[in-house]
Amino acid sequence: MKKKLKVHPPHNFPNKDVFERINFLAEASKVAAQDPDLFGLAQYLGSEANQTAQKSKIRIKPKQLFCKNCKTPLIPPLTAEIIKSHNIIHYKCKICNEERKKYLTKRD
């Protein structure tokens, strides 16, 4: 009988500090977006997270985290509206009315 190898996540990986900074900025942006008076701060933190990711050539995993137009974090009941139809998910920003589509299956 073969023994199964346990796979452990790496403790040290390149750009760990940049990942932590992007995560912190994204979380701070979400918290700031929950208060209507702090939308400007939320947009600034979102743009900082995107700029940090672009400069270090790191992709932000959930692409639907920020609005492409105004950089506001997309939180469904507060700043975003999500509409699901057949195989498409529509994300609509309530701040700038920008719409994005995500296809659940590959298009032909």
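A: Start with contact, which means heavy atoms within 4.5 Å. The model is a predicted one. Leaving aside neighbours within four places in sequence, E81 is in contact with P76, H90, Y91, K92 and K94.

Q: Where does E81 lie?
A: E81 has its place in strand β1.

Q: Why is E81 called partly exposed?
A: Buried means under 20% relative accessible area and exposed means over 50%, with partly exposed in between. E81 has a relative accessibility of 35%, so E81 counts as partly exposed.

Q: How far apart are E81 and E99 in sequence and in space?
A: They are 18 residues apart in sequence, and their C-alpha atoms are 9.4 Å apart.

Q: What makes T79 buried rather than exposed?
A: The relative accessible area of T79 is 0%, and the cut-off for buried is under 20%. T79 is therefore buried.

Q: Where is T79, and which residues is it in contact with?
A: T79 lies in the loop between α2 (39-55) and β1 (80-85). With neighbours within four places in sequence left aside, the contacts of T79 are A33, F39, T72, P73, L74, K92, C93, K94 and I95.

Q: How do you know that strands β2 and β3 pair?
A: Pairing needs at least two bridges between the strands. Strand β2 (residues 88-93) is joined to β3 by 5 bridges, and the two run antiparallel. Within β3, K101 stands opposite H90.

Q: What is the order of the strands in the open sheet?
A: The sheet has 3 strands in the order β1-β2-β3, with antiparallel pairing. Why are β1 and β3 (99-103) said to stand at the edges? Each has a single partner strand, so one side of each is left without a neighbour in the sheet. On average, neighbouring strands of this sheet are turned by 20° against each other, direction ignored.

Q: Which residues of α2 are buried, and what do they pack against?
A: The buried residues are A42, L45, G46, S47, E48, A49, N50, T52 and A53. They pack against α1 (16-33).

Q: Which residue with a positive phi follows α2?
A: K57 follows α2, with a positive phi near 60°.

Terms used: Residues numbered from 1 in each chain as written. Predicted model: local features only at pLDDT ≥ 70, side-chain atom pairs only at ≥ 80, totals over all residues. Heavy atoms only, no water. Helix = DSSP H or I, 4+ residues; strand = E, 2+ residues; numbered from the N terminus. Buried < 20%, exposed > 50% of the residue type's maximum accessible area, 1.4 Å probe, protein only. Axes fitted to C-alpha atoms, helices over the stretch in contact; angles between N-to-C directions.
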